[in-house]
Amino acid sequence: MAEGASESTLILAEARASLQRQQAGGRRVGGRSIGRRSAELKRLHVMRKAARMAFAVMAILLGALVTGLVIDGIGFTGIVVTFLAIVAALTVLGTFPKLKVPDLAALNRGDVRSMVARTELWLEAQRPALPAPAVNLIDQIGVQLDGLGVQLEGVDPAEPAVAEVRKLVGEHLPGMVESYRRIPANLRREQREGRNADQQLTDGLGKISQEIDAVTRQLAAGDLDALAVRGRFLDYKYGDGLEQSAPQLAAPRLSVSKPES
């Protein structure tokens, strides 16, 4: 746990540095990953593509070799056809299949590492549709999710706290973003109780960022008693929050119980 806590501290420090860079105007380039886990998924996807491309080239060369042996040489035409076949194979396999954005309903499945990676990847895909302040927070949350994932990997998956924290990351966080995206662009600037949809989203993401930071610190300290999360861990449905007639995004709350003496 001490090793995980140390890594988490470094990741949290990186998150704060990232936020400072964002506030200074240094937004990330569109295709870059917001976290280590999503970057890991992308690397695996590229490696699989490279393996398929290498296999295809070997298969084409082997086919040309066998053909040459059978017909006593393939000649200049055969060499050109082989070259064009390699180029076509590399072009197609280098382009397809594209990395698929995970479905919203599938984010909270699998182990913790997979859940964090899919959530980060899904959030990355939503950035173009979000206002600039929310994009900055998404970048910060991506780094925070890496730290949270490290701590969750060291905790028994059967702990109630783990299930509820997974719900926060895999359901309520993306649910808030999805509810914003469902609002028509021409209605996002309308004021509702003094705030428009852009402001509500930014405020809600800021509160979730604070909650992730607090939960990560408690997990790093091994204080599971402080994370005695009950069924009403999140009594607010983020997925509907931006669509209410008078929406109010509240911070997710932990039901904290003191250890019995």
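**Close-up views of helix packing and local geometry**

Helix 5 and helix 7 run roughly parallel to each other, because the angle between them is under 35 degrees. The model shown in these views is predicted.

**View 1. Packing of helix 5 against helix 7.** Helix 7 covers residues 197-220, and its axis lies 9 Å from that of helix 5 at an angle of about 20°. The two helices cross in a left-handed sense. On the helix 5 side the contact is made by P133, A134, L137, I138, Q140, I141, Q144, L145, G147, L148, Q151 and L152. On the helix 7 side the contact residues are L201, T202, L205, G206, S209, I212, D213, V215, T216, L219 and A220. By class, the contact of helix 5 with helix 7 comprises 14 nonpolar, eight polar and one charged residue.

**View 2. Packing of helix 5 against helix 6.** Helix 5 (residues 132-153) meets helix 6 (residues 160-181) at an angle of about 165°, and the axes are 12 Å apart. The pair is therefore roughly antiparallel. Helix 5 passes helix 6 in a left-handed crossing. Helix 5 contributes I138, I141, L145, L148 and L152 to the contact, and helix 6 contributes V162, V165, V169, L173 and V177. This contact of helix 5 with helix 6 has 10 nonpolar residues, with no polar and no charged ones.

**View 3. Packing of helix 4 against helix 6.** The axes of helix 4 and helix 6 cross at roughly 15° and come within 10 Å. Helix 4 is therefore roughly parallel to helix 6. The crossing of helix 4 and helix 6 is left-handed. Residues V112, M115, T119, W122, L123 and Q126 of helix 4 touch R166, V169, G170, L173, P174, V177, E178 and R181 of helix 6. The contact of helix 4 with helix 6 divides into eight nonpolar, three polar and three charged residues.

**View 4. The loop between helix 3 and helix 4 around P97.** P97 is found in the loop that joins helix 3 (75-95) to helix 4 (112-126). The peptide bond from F96 to P97 is cis, with omega near -5°. Most peptide bonds are trans. F96 also takes part in a charge-ring arrangement: the charged end of K98 sits over the F96 ring, 5.6 Å from its centre.

**View 5. The loop between helix 2 and helix 3 at D72.** D72 lies in the loop between helix 2 (36-71) and helix 3. Phi of D72 is near 65°, a positive value in a residue other than glycine. Most residues other than glycine have a negative phi.

**View 6. R188 over the ring of Y180.** The charged end of R188 sits over the ring of Y180, at 4.4 Å from the ring centre. A search of the whole structure for aromatic pairs finds zero.

Terms used. Residues numbered from 1 in each chain as written. Predicted model: local features only at pLDDT ≥ 70, side-chain atom pairs only at ≥ 80, totals over all residues. Heavy atoms only, no water. Phe/Tyr/Trp six-rings, centres within 6.5 Å; stacked < 30°, edge-to-face > 60°. Lys NZ or Arg CZ within 6 Å of the ring centre and 35° of its normal. Axes fitted to C-alpha atoms, helices over the stretch in contact; angles between N-to-C directions. Helix = DSSP H or I, 4+ residues; strand = E, 2+ residues; numbered from the N terminus. Parallel < 35°, antiparallel > 145°, perpendicular 65-115°, else oblique. Left-handed = near helix turned anticlockwise from the far one by under 90°. Contact = heavy atoms within 4.5 Å. Nonpolar A, V, L, I, M, F, W, Y, C, P; charged D, E, K, R; others polar.
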